[in-house]
Amino acid sequence: MNTKDLKYFHSLVKNKNFSTVAEEFNVSQPTISMAIRRLEDTFQTTLFTRDQGRHHLSVTLSGQQLDEHVQAILDHLTVAQNSIKNINTKKLILGLPPIMTKYFFPRIAKRLTEQNLLKAIVPVEKGSAELEEMLLAGTLDMSLMGAIEKQFNENLAYQHLGNDHFVAIVGSQSPFFSRDKIWFSELKNESFITFDSNFVHAEALRNFSNITNFRPNVVYQSNDSQVIQEMVAQNVGVGFIVNSAVIKRPDVRVLPFFDEEQPLFYMNLVQRKDRILSPYQQRIADLIRE
């Protein structure tokens, strides 16, 4: 058995066509057939069956079970390749969601510059949802991430860095502009502007909805806090945003929530539990945690 056999097998489960798999890997159809035969000999089972006309390929129950494990094996191999590559290049690929980049990274960058380590950072700026997927795939060494829970994926290790609050922001023509704080339920009839689904704001809004028993009317989503604030300043709607992402301006009012029960924005440094850092990468990680 070798990894190529597993790749051929996984592709055949997906495509159910020998010629398609052979073309994908630029090999002959007999090469694919021999790989499947080796796996069937190894596991003493039949992985595929054909109908009498040999026009349709079906995956057996044994084949389905094997593919569940093969997917995990291939994923782990990809993660291993990415992790080892990053170790050998003396770089640390760091995920940076825009909100935490503004809040944390300037201070982190100062410390890294003092230690001559900033040049080793390869930044990847995405929303937290995308960054989590990249962490799990092994394409990131670690990431700053925002969440409304302290930790939630069993394959990741979380270092808690601090909390922040979600706030409402309103334009100068809003009836709430003169207020200092607000109840979330008071916004029941307002149009909401917030971050898109790659950020935790959508989940935080759902959390608030469950608490207050109304579904916010989200009219626009963006991945740019400045766009959100500009639309609020133009009185398009009420912004829902993490407080640290707000840029102070006279035509936008920041309103914390009175609600005792409300979602918090947890700021974390996250990496895979099985990720082993090089000493060079560990120095950078320690500085970030400090």
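The protein is divided into three parts, namely domain 1 (1-74), domain 2 (86-159 + 264-287) and domain 3 (162-263), with bounds that come from an automatic or database domain assignment. The model is a predicted one, in which local features need pLDDT of at least 70 and side-chain atom pairs count only at pLDDT 80 or more, while totals for chains, interfaces and linings use all residues. Residues are numbered from 1 along each chain as its sequence is written, and side-chain values use heavy atoms, with hydrogens and water left out.

The secondary structure comprises ten helices and eleven strands, where helices (H or I, at least four residues) and strands (E, at least two) are DSSP runs numbered from the N terminus. The radius of gyration of the protein, at 25 Å, is well over the 19 Å that the globule rule gives for 290 residues, so the protein is more spread out than a compact globule; the radius is taken over C-alpha atoms, and the rule is 2.2 Å times the number of residues to the power 0.38.

The centres of domain 2 and domain 3, taken over C-alpha atoms, are separated by 27 Å, and their contact (heavy atoms within 4.5 Å) takes 16 residues from domain 2 and 22 residues from domain 3. About 1,600 Å² is buried between domain 2 and domain 3, 66% of it on carbon and sulfur atoms, buried area being the accessible area (1.4 Å probe) that two parts lose on being put together, summed over both. On the side of domain 2, Ile99, Ile148 and Leu264 lose the most area to domain 3, together 41% of what that side buries.

Arg275 forms a salt bridge with Asp141, with the closest N and O atoms 2.4 Å apart. Because Arg275 lies in the loop between strand 11 and helix 10 (279-289) and Asp141 in the loop between helix 7 and strand 5, the pair ties together parts that are 134 residues apart in sequence.

Key
A salt bridge is a side-chain nitrogen of Lys or Arg within 4 Å of a carboxyl oxygen of Asp or Glu.
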